[in-house]
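The entries follow in the order in which I looked them up.

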Amino acid sequence: MKNIYIINGHEPYESSPGNLNRELVDRAQQQLQALGYSVKTTKPAENLDLEHEVNMHLWADVIIIQAPVNWMSVPWSMKRYIDLVASASFGQLWNGDGRSRENPAAQYGSGGLASDKKYMLSLTFNAPENAFNNSAQHFFAGQSVDDLFGHIHLVYKFMAMRALPTFVCYDVLKNPQIDSDFVRFGEHLKAAFPARNA
């Protein structure tokens, strides 16, 4: 594991210029490069060269998706990016849905070709931490962040990639704890990515 591709999935709005997600991408790039990794980044909301993006997914050992949570998912430009890259990578990251016409009931979703790769979600939420894993909170009703993002996890599972633990900055609008979030983020990266130059 040496090549890391970081996708900044922020979609800019007048009320949301993307400073926090950009800072998290910059911090991840600097820390991981200092640990001996080769790191490249992209921002789907700005430019999308589909062939290049598929090649970067083939190059990468780990994909990091850094994104704000917009209406319980990644922003629309990030979802569009996922759809386009996944579709364009047929025969490279996946090779069908794993079934055959002779046995169409067998193991849908087992056609992935990227079992040597991993991915990590890093998300920024307006929701507070206690909104999750808490059946007393009516909206998520006991769901975890990973439950909420199961649809994104399944895209990468379809390609046979394996998940690294998800990182979350909670409550970034009403009760931000950004300095401590940065500390936690650094610790999270250190645990997920051992130093290569030790």
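I began with Arg27, which counts as partly exposed at 33% relative accessibility; buried means under 20% relative accessible area, exposed over 50%, and partly exposed in between, with a 1.4 Å probe and protein chains only. The model is predicted: local features need pLDDT of at least 70 and side-chain atom pairs pLDDT 80 or more, whereas totals for chains, interfaces and linings use all residues. Residues are numbered from 1 along each chain as its sequence is written, and side-chain values use heavy atoms, without hydrogens and water.

I noted a salt bridge between Arg27 and Glu23, with the closest N and O atoms 2.8 Å apart; the term requires a side-chain nitrogen of Lys or Arg within 4 Å of a carboxyl oxygen of Asp or Glu. The two residues are 4 apart in helix H1, so about one helical turn separates them; helices (H or I, at least four residues) and strands (E, at least two) are DSSP runs, numbered from the N terminus. Glu23 is partly exposed at 30%.

My search of the whole structure returned 3 salt bridges. Another of them joins Asp181 to Arg184, with the closest N and O atoms at 2.9 Å. Here Asp181 is buried at 4% relative accessible area, while Arg184 is partly exposed at 33%.

I counted 11 aromatic pairs in the whole structure; rings of Phe, Tyr and Trp (its six-membered ring) pair if their centres lie within 6.5 Å, with planes under 30 degrees apart stacked, over 60 edge-to-face and the rest tilted. Trp94 and Phe158 form an edge-to-face pair, 5.7 Å centre to centre with 65 degrees between the planes. Trp94 lies in the loop between H3 and S4 and Phe158 in helix H5, so the pair ties together parts 64 residues apart in sequence. Phe125 and Phe149 are also edge-to-face, at 6.3 Å and 80 degrees. Phe125 is buried at 3%, and Phe149 is buried at 0%.
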